[in-house]
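Here is a report on a two-chain model. Follow it with the structure at hand.

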Amino acid sequence: MIYPIKILKKEFLIYSRKSSSFISPVVFFLISISLYPIGISNDPDILKNLAPGLIWITVLLSTLISFQNIFSEDYEDGSIELLLASGQNLSLIVLIKIFVNWIFSCLPIIILSVLSVFLLYFPQEGLKPLIISLLIGTPTICLFGALAGALSLGKNSITGPALMLPLSLPVLILGTQAINYSLNGINFSSNILLLTAILVFLLPIILFASVGALKLHFN
Amino acid sequence: MLKTANLSYKFDDKYIFSNLSFEFADDSVFKLVGDNGSGKSTLLKILSGIYKNYEGKLSFSEDDLVFYSGHKTGLKNSLSARENIYFDIRLPKISDSQINSVLKQLDLIDYSDIQSAYLSEGQKRKINIASFILSKADLYLLDEPFNNLDRKTSDLLQEIFDMKINAGAKIIFSSHDRSSDDFPLIDMNLFN
């Protein structure tokens, strides 16, 4: 078996056995979405207007729970040392780890965001831009999370979010704006294209930076 | 094959070791000895490519496959012994029968499908030894491989050493034990 597939299978197995890795973000998302009608207002018009921002902010905060795990276990158990010694392509391994993290921590939330139609009176016509913006925007957030996770290894738990949240703001703004544009009958494709451009542009840069950050802990 | 010249490593402006020169050509095994903190583990990490910011020269054959085993085992607690061996990045493609054979050899077969989180430290070391046995590397860098092992496993590891050496591999390992074998020593205390 060639090693990327081997690592992909290994990561899937590890995540599937660590239920907290995907249950915690989902539970956080569901609790938050359920509390907004109680805490803010049960007026459908108010919730409907706030829903795009609330959903995106909740998704962003939910991902904070999981991204610290991307490298922390590997760092503590010595796996990163073995990877560095093996001479394998570390960028590819980091990419696989980010991809699996996205599958387990973001994809369930994206699917569950459909519930906002019922809980936040979110208009059904806004579902398409919501799902598309989340599908394209959350991988970028995972990339930022991986970089923050790599930089903050062995440091206190606030360092990672403090690094990740400011970086994620453009994605948050573009994602929320895309939904609002769609609900107001404005073409939202430019926002989706910008989100895609950010993802494509940042992917190699953040992979490179994350590998550098991981190596930094061993020098 | 492997040569160092005036190799030094400093951490926080303090040299862990300095001016270490040796050539690993004719001998098959080198044993690193020295007090705690003398730089045995650090040297193995430099030789394996984990630490890059050393001073001096280090040259080795780039075609050689290197197998490194440190203090941390790299085992995943959520995976079983069998899965940890199967997914070990240091190993080539291995079959179930090869894994079973090694697990039997190490008396781990009854625990092979239990998650590693529930195994003792000694059993976890044995999983690492299983990877060592299955590896087909040219150079083995092992950090205190005899630690936490019972007598039987220790003797088995010694046999595996001989087997690997006879197959043409070379081994550098660290130990606190200066006695009881004929391996050439590198005393790290001399370079502090």
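Two strands pair if DSSP finds at least two bridges between them. Helices (H or I, at least four residues) and strands (E, at least two) are DSSP runs, numbered from the N terminus. The model is predicted: local features need pLDDT of at least 70, side-chain atom pairs count only at pLDDT 80 or more, and totals for chains, interfaces and linings use all residues. Residues are numbered from 1 along each chain as its sequence is written, while chains are lettered from A and ligands numbered from 1 in the order in which they are written.

**The parallel sheet of chain B**

Five strands of chain B make an open, parallel sheet, in the order β5-β6-β7-β3-β8. Its edges are β5 (66-69) and β8 (185-187) of chain B; each has a single partner strand, so one side of each lacks a neighbour in the sheet. From one strand to the next, the twist averages 15 degrees. β5(B) and strand β6 (residues 139-142) of chain B run parallel and are joined by four bridges. There, V66(B) has L139(B) in β6(B) as its bridge partner.

Helix α1 (residues 40-48) of chain B lies across β3 (29-33), β5, β6 and β7 (170-174) of chain B. The helix runs at about 150 degrees to β7(B). Axes are lines fitted to C-alpha atoms, for helices over the stretch in contact, and angles run from 0 to 180 degrees between N-to-C directions.

**The antiparallel sheet of chain B**

Three strands form a second topic: an open sheet of chain B in the order β2-β1-β4, with antiparallel pairing. β2 (14-24) and β4 (55-60) of chain B are the edge strands, each pairing on one side only. Here the twist averages 20 degrees from one strand to the next. The pairings are listed below.

| Strand pair | Bridges | Opposite residues |
|---|---|---|
| β1(B) and β2(B) | seven bridges | L7(B) and L20(B) |
| β1(B) and β4(B) | five bridges | T4(B) and L58(B) |

How many of the six residues of β4(B) are buried? The number is zero, so β4(B) lies largely in the open. A residue is buried if 20 or more other C-beta atoms lie within 10 Å of its own, exposed if 12 or fewer, and partly exposed in between; C-beta atoms are placed from the backbone.

**Positive phi**

N19(B) sits in strand β2 of chain B. Its phi is positive, about 55 degrees, although N19(B) is not a glycine. With 14 other C-beta atoms within 10 Å, N19(B) is partly exposed. Y121(A), not a glycine either, has a positive phi of about 55 degrees. Y121(A) belongs to the loop between α8 and α9 (127-151) of chain A.

**Helix α2 of chain A**

In α2(A), the buried residues are S21(A), F22(A), P25(A), F29(A) and I33(A). Seen down the helix axis, they fall within an arc of 95 degrees, so they line one face of α2(A). The arc is that of the directions from the helix axis to the C-beta atoms. On the other side, exposed residues include I31(A), L35(A) and I38(A).

**Where the chains meet**

Two residues are in contact if their C-beta atoms, placed from the backbone, lie within 7 Å. Chain A gives 21 residues to the contact and chain B gives 21 residues. On the side of chain A that touches chain B, α5(A) gives the most, with seven residues.
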